[in-house]
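Work through the exercises below with the sequence and the model at hand. Try each task before reading its solution.

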Amino acid sequence: MLKKLLMKFGAIKLTAALTILSILISILITASLTMVIAGEVSVFSLMIATIVPAAITPFFAYITLRLTHQVHVAEERLRQLSITDDLTNSYNRRYFIETAEKALAAVCRYGGSFSIILLDVDDFKQINDTHGHAAGDKVLVAVSEICSAAIRSSDLFARYGGEEFAILVHSCSPANIEKFMERIRLKLSESRVPFNSNHIGFTVSMGAATYNDETPNIDALLMRADAALYTAKRQGKNRVILA
């Protein structure tokens with residue numbers, strides 16, 4: 001609750017609100033006690049009840065709130081690091097699988113559909129052997145940037161491992177999935193990655209599978225997408241196959 005309030009209002013506004021609240025509580029308690037003990041409320045007692053919390057609360061409240069905010073920022077940073085691929089700054093395989101599992105559970109409960117696309121950079125070893133691993137890394141970053149820009153906000157792009165990437169696509173028909181893959185494949189094949197004095201071209205092969213009643217779990221769906229990707233490779237690369 002405190003974290004949400006901090007994110008919404010900030011430490012300064014929340015400190016002011018806590019100070020006002022502490023003053024009101026102090027006045028209420030002081031007035032109640034002095035009425036019981038002395039039978040009346042004096043101006044002096046109300047002044048003390050106002051000044052003391054007004055002087056003390058801002059200092060301690062602000063420090064506490066700042067520390068709480070810093071802890072929250074650190075926790076969020078650690079969470080982002082745990083789900084992000086260091087090189088490409090895309091999501092990692094673990095987070096992709098977790099999100100796909102949630103998508104499967106939602107579809108099983110509420111209906112709908114989703115698809116998984118696997119894409120692999122063709123002849124990536126040759127790129128590394130010809131231009132060096134630094135050039136290969138730049139190609140992977142380019143793939144991530146182009147694909148991330150091409151997907152919808154509701155979809156998810158991740159580095160699945162090595163030169164392989166995955167896309168989770170929600171509510172898209174098989175026909176549109178194939179068009180979507182072809183559009184990405186074409187953008188990637190037309191791109192050139194500058195490295196030293198060279199401009200490196202590359203292609204990708206893509207395979208996809210859409211959830212259906214015969215898909216018992218995410219592993220089975222990934223196996224279908226992987227089989228489609230393998231077929232694309234076997235048929236000559238630089239193409240898309242929908243399982």
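**Exercise 1.** Find which residues make the nonpolar surface patch of about 780 Å², and classify isoleucine 56 by its accessibility.

*Solution.* The patch is made by Phe44, Ile48, Val52, Ile56, Phe59, Phe60, Ile63 and Leu67. Patches take residues with over 30% relative accessible area and no salt bridge, joining nonpolar side chains (Val, Leu, Ile, Met, Phe, Trp, Tyr) within 5 Å and like charges within 9 Å. Areas come from the Shrake-Rupley method with a 1.4 Å probe, and for residues only the protein chains shown count as cover. Isoleucine 56 lies in helix α2 (residues 43–83). Its relative accessibility is 43%, so isoleucine 56 counts as partly exposed (buried is under 20%, exposed over 50%, partly exposed in between; 1.4 Å probe, protein chains only).

The model is predicted: local features need pLDDT of at least 70, side-chain atom pairs count only at pLDDT 80 or more, and totals for chains, interfaces and linings use all residues. Residues are numbered from 1 along each chain as its sequence is written, and side-chain values use heavy atoms, leaving out hydrogens and water.

**Exercise 2.** Check the span of helix α7 (residues 218–234) and list its buried residues.

*Solution.* Helices (H or I, at least four residues) and strands (E, at least two) are DSSP runs, numbered from the N terminus. The expected span is 1.5 Å times one less than the number of residues. For the 17 residues of α7 this gives 24 Å, and the end C-alpha atoms are 24 Å apart, so the two agree. The buried residues are Ile218, Ala220, Leu221, Leu222, Ala225, Ala228, Leu229, Thr231 and Ala232. Among the elements that cover them are α3 (93–110) and β1 (114–121), where contact means heavy atoms within 4.5 Å. After α7 comes glycine 236, with a positive phi near 125°.

**Exercise 3.** How many salt bridges are there, and where do the partners aspartate 85 and arginine 159 lie?

*Solution.* A salt bridge is a side-chain nitrogen of Lys or Arg within 4 Å of a carboxyl oxygen of Asp or Glu. The count is eight. In one of them, aspartate 85 pairs with arginine 159, with the closest N and O atoms 3.4 Å apart. Aspartate 85 is in the loop between α2 and α3 and arginine 159 in strand β2, 74 residues apart. Aspartate 85 is buried because its relative accessibility is 14%; arginine 159, at 17%, is buried too.
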